Amino acid sequence: YASWRPIFDISNNTITGLTSAGKQLTEIEIPSQIDNINITSIQSNAFKDCTKLVKVTIPNSITTIGESAFYSCTSLEEIKLSNVLNKINKNMFYNCKSLNEIIIPESIKMVDTDAFYGCENISIIKYDGNIVNWCAINFINMYSIPTGYSLYRTSVRKFYIKNTNTSYEEILTLQIPEEVSKINNYCFYGFNNMWNNGDRWL
């Protein structure tokens, strides 16, 4: 029988990194429990420079992810975030240049400095909430918005809002609801597919 080899390094309820065996994998699904321990957080730098990672799935048991958690995961193409996460931390996806699409959970209230710096190929953002909640997200700088870095490229950058449990609708004409009293900085920065009253929005 082949011996079982652990994938994750853990401390208390926190994923602190990948073992040498884990670093060879291209796809990982983080469990909500390991050895009967509830996993609730991912440490800063936990997957930094894991250049073989292509796909990561994070369970809804994860409530916090530290700074630079996926820093320079240059092969990362797909990630599913926890839908109870309220912050995308500083440098979390720094230089993840293979990411083309990101789904932002409705629970997100803040995206910290340079969270998506160097993510030059992101062209699609999907949001699980509505326009009202999107306008209230605190994007700290231009590289907090996933399309901030790809603005320097000529590709079309698109924004989608979830309209059912399984599908998203592309926002082509921006209509701000009356209940929105403030649009936070950078909320629509870099979306060059939008039009507003006949004029290109961005």
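Author: Contact here means heavy atoms within 4.5 Å. The model is predicted, so local features need pLDDT of at least 70 and side-chain atom pairs count only at pLDDT 80 or more, while totals for chains, interfaces and linings use all residues. Residues are numbered from 1 along each chain as its sequence is written, and side-chain values use heavy atoms, with hydrogens and water left out.

Reader: Which residues is serine 107 in contact with, leaving aside its neighbours within four places in sequence?

Author: Serine 107 sits in the loop between β11 (101-104) and β12 (110-111); strands are DSSP runs of E, at least two residues, numbered from the N terminus. Beyond the excluded neighbours, the contacts of serine 107 are Ser82, Asn83, Val84, Leu85 and Asn86.

Reader: How far is the backbone oxygen of leucine 85 from a polar atom of the side chain of serine 107?

Author: A polar contact is a pair of N or O atoms within 3.5 Å; within protein, one must be able to donate a hydrogen and the other to accept it, and residues adjacent in sequence count only if both atoms are side-chain atoms. The side chain of serine 107 reaches the backbone oxygen of asparagine 83 at 3.1 Å. For the backbone oxygen of leucine 85, the distance is 2.4 Å.

Reader: Is serine 107 buried or exposed?

Author: Buried means under 20% relative accessible area, exposed over 50%, and partly exposed in between (1.4 Å probe, protein chains only). With a relative accessible area of 17%, serine 107 is buried.

Reader: What is the angle between the planes of phenylalanine 47 and phenylalanine 70?

Author: Rings of Phe, Tyr and Trp (its six-membered ring) pair if their centres lie within 6.5 Å; planes under 30 degrees apart count as stacked, over 60 as edge-to-face and the rest as tilted. The whole structure holds 12 aromatic pairs. In the stacked pair of phenylalanine 47 and phenylalanine 70, the centres are 5.1 Å apart and the angle is 15°.

Reader: Why does the pair of phenylalanine 47 and phenylalanine 70 tie together parts that are apart in sequence, and by how many residues?

Author: Phenylalanine 47 lies in the loop between β6 (41-42) and β7 (55-57), and phenylalanine 70 in the loop between β8 (64-65) and β9 (78-80).

Reader: Which ring does the charged end of lysine 48 sit over?

Author: A charge sits over a ring if NZ of Lys or CZ of Arg is within 6 Å of the ring centre and within 35 degrees of the ring normal. The charged end of lysine 48 is 4.8 Å from the centre of the ring of tyrosine 71.

Methods: Helix = DSSP H or I, 4+ residues; strand = E, 2+ residues; numbered from the N terminus.
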